[in-house]
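Here are my notes for someone opening this structure for the first time. Please read them with the model on screen.

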Amino acid sequence: PLSGVSLWAQPPGGQVALGGQVALGDRLVLSCAVAAGTGPLSFTWHRGGSETPLGTGPHLELQHVGDNDGGHYQCRVSDGDSVAESVPLNVTVLGEPDPRAER
């Protein structure tokens, strides 16, 4: 059976964080790994509980992060018999403040 699905973010600075903070327009790589599992593994990526996969494979790369790319990402792993999910990873997009906004 599958166990120990872990998910982490690698911002451009090279730091690995449990919560990914990424600046608007930057590149973000999310990685998924399984502590235990046999056979051919298939990975799918989901955001915000959506069933529509964002991608497949052990890595999800966002080339240019946009305003709408923030949220909770999850990696789902299947070995054909069972499915395991990672804990959701919260990605925060740090946008430039709007200069027209009065504070």
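1. A term to start with. Buried means under 20% relative accessible area, exposed means over 50%, and partly exposed is in between (1.4 Å probe, protein chains only). By that rule Asp69 counts as buried, at 15% relative accessibility.

2. What you are looking at. This is a predicted model: local features need pLDDT of at least 70, side-chain atom pairs count only at pLDDT 80 or more, and totals for chains, interfaces and linings use all residues. Residues are numbered from 1 along each chain as its sequence is written, and side-chain values use heavy atoms, with hydrogens and water left out.

3. Overall make-up. The protein has nine strands and zero helices. Read from the N terminus, the elements run β-β-β-β-β-β-β-β-β. Helices (H or I, at least four residues) and strands (E, at least two) are DSSP runs, numbered from the N terminus. The protein has 103 residues, and 32% of them count as buried.

4. Contacts along the chain. Contact means heavy atoms within 4.5 Å. Take the contacts with a separation of 6 or more: residues 24 or more positions apart account for 60% of them.

5. The sheet. Three strands form an open sheet in the order β1-β3-β6, with antiparallel pairing. β1 and β6 stand at the edges with a single partner strand each, so one side of each has no neighbour in the sheet. The twist averages 15° from one strand to the next.

6. Pairing in detail. Two strands pair if DSSP finds at least two bridges between them. Strand β1 (residues 3–10) is joined to β3 (residues 28–36) by seven bridges. Here Ala9 has Leu30 in β3 as its bridge partner, and Leu7 has Cys32. Four bridges join β3 to β6 (residues 59–62). Leu28 has Leu62 in β6 as its partner.

7. The disulfide. How many disulfides does the structure hold? It holds one, where a disulfide is a pair of cysteine sulfur atoms within 2.5 Å. Cys32 is joined to Cys75, S to S 1.9 Å. The torsion about the S-S bond of Cys32 and Cys75 is about -80°, so the disulfide is left-handed. The pair links distant parts of the chain: Cys32 is in β3, Cys75 is in β7, and they are 43 residues apart. Both cysteines, Cys32 and Cys75, are buried.

8. Back to Asp69. Asp69 sits in the loop between β6 and β7 (71–78). What does its side chain reach at 2.7 Å? The side chain of Asp69 reaches the backbone nitrogen of Gly66. Leaving aside neighbours within four places in sequence, Asp69 is in contact with Arg47, Leu62, His64, Val91 and Val93.

9. An exposed residue. Gln21 lies in strand β2 (residues 20–23). Gln21 is exposed, with a relative accessible area of 51%. Gln21 and Thr92 are 71 residues apart in sequence, yet 4.8 Å apart in space, C-alpha to C-alpha.

How values were computed. Polar contact = N/O pair within 3.5 Å; in protein donor to acceptor, adjacent residues only side chain to side chain. Axes fitted to C-alpha atoms, helices over the stretch in contact; angles between N-to-C directions.
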